[in-house]
Amino acid sequence: MGITNHLNDTVHVTNLEWFVNWARKSSMWPLGFGLACCALEMIATFVSRYDLARFGMEVARPSPRHADLMIVSGTASKKMLPAVLRIYEQMAEPKWVIAMGACACSGGIYKNYSVVQGIDRHLPVDVYIPGCPPRPEALIDGILQLHAKVMKEQSIRNPRVGKIKVAGR
Ligand code: SF4
């Protein structure tokens, strides 16, 4: 009774960590970057039919310094890997990684010396999306899984720092 009834629907109380997580997941900016055929499904997800604008992330950033989400969409060759790692290092903190498709998750059909057998050997992957290629619906589901993960992060008490892994360790 009293003041609490009066404030109903006008004042919302939450903690700072929830608010920071909510702001981060609601304004995630993906890097405009693709490696192979999965990138076409990723591009299809950005455009009007699937409309990522609904999740606050329709703008694919051309510069890694403006982006905080790397979607590794396609086959990562060992020759390409140094460039991928350099782009990741240039992205703003905190940053997240989605491995999209069988190639990014595990090397896919390319069991050979020239293809990275899973980008998680080098980058801290947050969400894996199987398929060859995964459809836009699968990518959207992966993004929503990532949003749910961000909402559970201890963004104030234990700030996230993305680190490149040294292969073989
Ligand atoms: S998972 Fe399939 S569609 Fe995606 S990059 Fe590999 S071969 Fe291409």
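**View 1. The shell around the ligand.** In this predicted model, the ligand sits among Ala 36, Cys 37, Cys 38, Gly 74, Thr 75, Gly 101, Ala 102, Cys 103, Gly 108, Cys 132 and Pro 133; a residue is listed here if its C-beta atom, placed from the backbone, lies within 6 Å of the molecule. Helix H5 (residues 101-106) supplies the largest share of that shell, three residues. Sorted by class, the shell holds seven nonpolar, four polar and no charged residues. For that count, Ala, Val, Leu, Ile, Met, Phe, Trp, Tyr, Cys and Pro are nonpolar, Asp, Glu, Lys and Arg are charged, and the others, Gly among them, are polar.

A note on reading all the views: residues are numbered from 1 along each chain as its sequence is written. Since the model is predicted, local features need pLDDT of at least 70 and side-chain atom pairs count only at pLDDT 80 or more, while totals for chains, interfaces and linings use all residues.

**View 2. The whole chain, for orientation.** The protein chain has six helices and three strands, and going from the N terminus the elements read α-α-α-β-α-β-α-β-α. Helices (H or I, at least four residues) and strands (E, at least two) are DSSP runs, numbered from the N terminus. Of the 169 residues, 30% count as buried. Buried here stands for 20 or more other C-beta atoms within 10 Å of the residue's own, exposed for 12 or fewer, and partly exposed for anything in between, with C-beta atoms placed from the backbone. Among contacts with a separation of 6 or more, 81% are between residues 24 or more positions apart; a contact is a pair of C-beta atoms, placed from the backbone, within 7 Å.

**View 3. Gly 74, one of the residues around the ligand.** You'll find Gly 74 in the loop between S1 and H4. It counts as buried because it has 24 C-beta neighbours inside 10 Å. Cys 37 is 37 residues away from Gly 74 in sequence, yet their C-alpha atoms are 6.0 Å apart. Leaving out residues up to four places away in sequence, Gly 74 touches Gly 34, Leu 35, Ala 36, Cys 37, Cys 38, Ala 39, Gly 101, Cys 103 and Ala 104.

**View 4. Helix H2 against helix H6.** Two packed helices are described by the angle between their axes and the distance between the axes. Here the axes of H2 (residues 16-26) and H6 (residues 136-151) come within 8 Å and cross at roughly 160°. That angle makes H2 roughly antiparallel to H6, and the crossing is right-handed. Asn 21, Trp 22, Arg 24 and Lys 25 on the H2 side meet His 147, Val 150 and Met 151 on the H6 side. By class, the residues of this contact are three nonpolar, two polar and two charged. Axes are lines fitted to C-alpha atoms, for helices over the stretch in contact, and angles run from 0 to 180 degrees between N-to-C directions. Angles under 35 degrees count as roughly parallel, over 145 as roughly antiparallel, 65 to 115 as roughly perpendicular and the rest as oblique. A crossing is right-handed if the near helix is turned clockwise from the far one by less than a right angle, and left-handed if anticlockwise.

**View 5. Helix H3 against helix H6.** H3 and H6 pack with their axes 9 Å apart, at an angle of about 75°, so H3 is roughly perpendicular to H6. Glu 41, Met 42, Ala 44 and Thr 45 of H3 make the contact with Pro 136, Leu 139 and Ile 140 of H6. Those residues split into five nonpolar, one polar and one charged.

View 6. Most residues other than glycine have a negative phi, and most peptide bonds are trans. Glu 93 and Pro 94 are joined by a cis peptide bond, with omega about -10°, and Pro 94 belongs to the loop between helix H4 (81-90) and strand S2 (96-100). Another cis bond links Cys 132 to Pro 133, with omega about -10°; Pro 133 is in the loop between strand S3 (127-129) and H6. Asp 51 has a positive phi, near 60°, and is found in the loop between helix H3 (38-46) and strand S1 (69-73).

View 7. Phe 33 lies in the loop between H2 and H3 and touches Met 70 and Ile 87, not counting residues up to four places away in sequence. Phe 33 counts as buried, with 21 C-beta neighbours inside 10 Å. Pro 62, in the loop between H3 and S1, counts as exposed, with 10 such neighbours. The C-alpha atoms of Pro 62 and Phe 33 are separated by 7.8 Å.

Definitions and conventions. Contact = placed C-beta atoms within 7 Å.
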